[in-house]
Amino acid sequence: MQSQGLEELSFGTVSALDVLGTELEFFVAGDGAPLLFLHGLDGLEGAAPLQRELAKHFTVYAPSHPGFGASAGSPRLNRVDDLGYFYLDMLDQLGLDRPVIVGTSFGGWVAAEMLTKEPGRAAQLVLVSPLGLPTADRREQYVADIFMLSRQELGKRMQVGEPALGSDMKTLATLPEDRLRRLMRNDEAASHFGWSPYMSNHKLGDRTHRIASPTLVVWGEGDGIVSAKYRDDWRTALPRAEVETFADAGHRVHADQPARLAARIAAFAGR
Amino acid sequence: MKIWQFSEQAYHPAFQKPGAMRVTLPQRECDPVVAGQLLNRYLDEYMIADDVGLNIMVNEHHAAATCMSTSCMTTLAVLARQTSKARLLALGIPLANRSNPLRVAEEIAMVDCLSGGRLEVGLVKGAAYELFMSNRQPTGFMDRFWEAHDLILAALSNTGDNFSWEGEHFHYRTASLWPRPIQQPHPPIWMTASSATSAREYGKRGYTCATFLSGAVARSVFSGYRAAYFAEHGVQPGQDKLAYLALVSCAGDRATAFARAEKMKSYFTTAARLDPQFRNPLGFNPVDANIRMLQAGANAMRPRLRNGEALPVDGTIEQYMEAGLFFVGTPDEVYEQLVTFHDETGGFGNLLMMAQAGELEHQETADNLTLMGREVAPRLAELATRTVEVRYEAVG
């Protein structure tokens, strides 16, 4: 496991967790009620500030998804649908009965897939800038195609604040090899799960009515990745969910407003 | 050494437009009447190649002004009927762009029949940036490549009952080629390599191994191939198993040859015109390869000049010659240059020759082909009988 040197996660413990033969990089921090955090395209490290805040209220359990970070990938796990089952198995293995489940962006899609399969498995469900619903209708795109953007352009558009580490080719090439490897693996895994159909499961919207856990959906007002139409589609898919839009935040709400987002999640979970 | 004429069949009028020549160039920039005239012209030049005793290679690309052949087999279907002697090489069929390998086998079989068994088939990955057009899954590509390869070869060589195929990636109730190919068990298979590592795999399998515009790197590609071939088969491979692709400008006098070379050079400058985010779609290259590329820098993969510096994209004709990508001069000079390069790389039996490239016009191309076919090819044919001293150095 090559997760040493993630100094931004020094407030918790990174270890290896074997789930049905797939070795995950698994982060645990804080104490309190259990919370499963499912990261987005920016990986486990990309959401470190949010996890630091959440760890003040919860015991945070956060895997790197298969193929991301230092987690092993598997050609057999190639749909987010597969990840839904995979993480339900992981919760059983950990004995986590009804944790709070929080997912950002790609991780929001993963969380939604889990809950369509076991509708009450989350004490509360929080989807932050979720992907997963159809991202386009023929020639009309509702979600920017990250695979068609330059690294620099994508890096800029992901949040309203400063781009994440390695968002331009110059700094990217100077990163230590272990950091570079994580970023390259995150990119590869994004392609593995999200190339086509682009970042979506076309059946997800037919299944979201099953989700029984209280649900909060959070968007960033300045999201440069998803459009207003796409947010409406999520409202239709989850008619009972609370929806909140954060000012001064982009797609990575967790990077732009980590403290406010953590406080909102804690309040929603009654902590 | 055998010579194969190759043209990318460019829509060169678009070269004057600013910006990318691939992926994003709008199709409204294409005048289809002009495109048709150019395609017919390039076919005429392939027929001249046949007339003067040269062989033929075609390729394909997608969404590119630099190459209008969007299907090797469509181009070769025409040439199968309109030529009589030339071997016909598709190099190659990009399996990254093909969702249906059985269809690939059908087209191979049909063109082999049409041509009377003159087809040779390159199975290649395909250009990374063309995944944006095919939309095939970038990750796990090599697994699908080899499964498609296994299925294509099984279908081409099948002389028993029809079979079904339930693989990891491809599923067919019945595989049945009507017609089946003349050449048995299958037409010769070619693959392309830019490193000794990939060449070794092909050496093991005994396929013909081509390297494109790689200059001095060709030596290590060929060396890796030979070592792996010998380890697997217990004998040295014939030189006919190795191929090198380069541009050739041959004319009656040196000044004309260089003037033509200048017109061909836009092949190099336009090939590089592609927006950077399309060069390397996420998930196509292995993680380790991406790390090595980033750490080595943008110039690491460029061919080298003799002083070790990277060949600039807009380099001079002399620099392109020095790097082994361009052979320019009178028939005697081109012959001497090719013999030198042949010996420096340890020997290869096939020259994949771009006698048309960039904006080189028809009459110039016809002259180039005729001189190469009549004056250079007969002398190069004797190269195969020469002994080249091959030193087996360790290669990466």
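Helix H10(B) reaches across to the other chain in this predicted model: its buried residues pack against helix H6 (169-174) and helix H7 (177-194) of chain A. H10(B) spans residues 287-296, and its buried residues are B:Val287, B:Asn290 and B:Leu294. Viewed down the axis of H10(B), the buried residues fall within an arc of 60°, so they line one face of the helix. The face turned away from that buried side is another matter. There sit the exposed residues B:Asp288, B:Ala289, B:Arg292 and B:Ala296. After H10(B) comes B:Gly297, with a positive phi near 95°.

Now take the whole contact between the chains. Chain A brings 19 residues to the contact and chain B brings 15 residues. On the chain B side that touches chain A, seven residues are nonpolar, eight are polar and none is charged.

Next, turn to strand S4 of chain B, residues 119-124. Six of its six residues are buried. Both faces of S4(B) are covered. B:Leu119, B:Val121 and B:Leu123 lie on one side, with B:Glu120, B:Gly122 and B:Val124 on the other.

What does S4(B) pair with in the parallel sense over five bridges? The partner is strand S3 of chain B, residues 88-94. Here B:Leu123 in S4(B) has B:Ile93 opposite. Between S3(B) and S4(B) the chain passes through helix H3 of chain B, residues 101-114, in a right-handed β-α-β crossover.

S4(B) also joins strand S7 of chain B, residues 189-192. These two strands run parallel, with two bridges between them. B:Val121 has B:Ile189 in S7(B) as its bridge partner.

Methods. Residues numbered from 1 in each chain as written. Chains lettered and ligands numbered in written order. Predicted model: local features only at pLDDT ≥ 70, side-chain atom pairs only at ≥ 80, totals over all residues. Contact = placed C-beta atoms within 7 Å. Nonpolar A, V, L, I, M, F, W, Y, C, P; charged D, E, K, R; others polar. Buried ≥ 20, exposed ≤ 12 C-beta atoms within 10 Å, placed from the backbone. Helix = DSSP H or I, 4+ residues; strand = E, 2+ residues; numbered from the N terminus. Pairing = 2+ DSSP bridges. Right-handed = clockwise from strand over helix to strand, strands pointing away. Arc of directions from axis to C-beta.
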